[in-house]
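Please consider the following note beside the sequence and the model.

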Amino acid sequence: MSTGPAWVALAWRLPAGSSTPRVTTWRNLRRLGAARLTPGAALLPFREDLQEQLDWLAQDIEAQGGEAWVLPVIGLSEAEERVVRDRMLAERDEEYLGLEEDALAFIARRSAAPAPVDAFAARLQIDKELLALQRRFRKIRARDYVDAPARAAAARAIDRCLTFRQGISPKVLPITDADMAAHEEHDA
């Protein structure tokens, strides 16, 4: 007895010519966290909101003279699912590692910087950078369907940046990944 789709696929073909529609399609799929199957097919875990996003992408492809299908996938073989998850994991880990590097660069830059002449402007700049790091984290986390292991290190690096938070905007969260923090408290 089937419980419904486990995955949703987008398969498409765009007319030859300009590469802009292909690049736009892949950028949109990357933003969603899709796993690339072939040059004209991608896969996401089944969720209604993700299916709706793929429906919109399919309409865009068709508006550009292409063909597109959004297909629910009941299941994959164990080997196929492992390949899809490994691709998603590698892409999310790469994003988290880049974010961690940027957070550590922030710490190095702020630790080496002399005392600012304009403390207020410096605090605003720190606030802006911290918010940007946390925003990037949330965007990556939203498309991390496989709980990539690099997530924890990226969150910890951003939280280390928060030592520069005194007097900074309440928009900056004291803990970047509340889900991870709750899990660590539970394990302790």
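**Aromatic pairs and their surroundings**

1. The count comes to 2 aromatic pairs, where rings of Phe, Tyr and Trp (its six-membered ring) pair if their centres lie within 6.5 Å; planes under 30 degrees apart count as stacked, over 60 as edge-to-face and the rest as tilted. Trp-12 and Trp-26 form an edge-to-face pair, at 5.2 Å centre to centre with 65° between the planes. Trp-12 belongs to strand E1 (residues 7-13) and Trp-26 to helix H1 (residues 20-32), so this pair ties together parts 14 residues apart in sequence. Helices (H or I, at least four residues) and strands (E, at least two) are DSSP runs, numbered from the N terminus.

2. This is a predicted model: local features need pLDDT of at least 70, side-chain atom pairs count only at pLDDT 80 or more, and totals for chains, interfaces and linings use all residues. Residues are numbered from 1 along each chain as its sequence is written, and side-chain values use heavy atoms, with hydrogens and water left out.

3. Trp-12 is buried, with a relative accessible area of 8%; buried means under 20% relative accessible area, exposed over 50%, partly exposed in between (1.4 Å probe, protein chains only). The rings of Tyr-96 and Phe-137 have centres 5.8 Å apart and planes at 45°, so that pair is tilted. Tyr-96 in helix H3 and Phe-137 in helix H4 are 41 residues apart. Tyr-96 is buried at 0%, and Phe-137 is buried at 2%.

4. Arg-143 is found in the loop between helix H4 (119-142) and helix H5 (150-161). Arg-143 is buried, with a relative accessible area of 12%.
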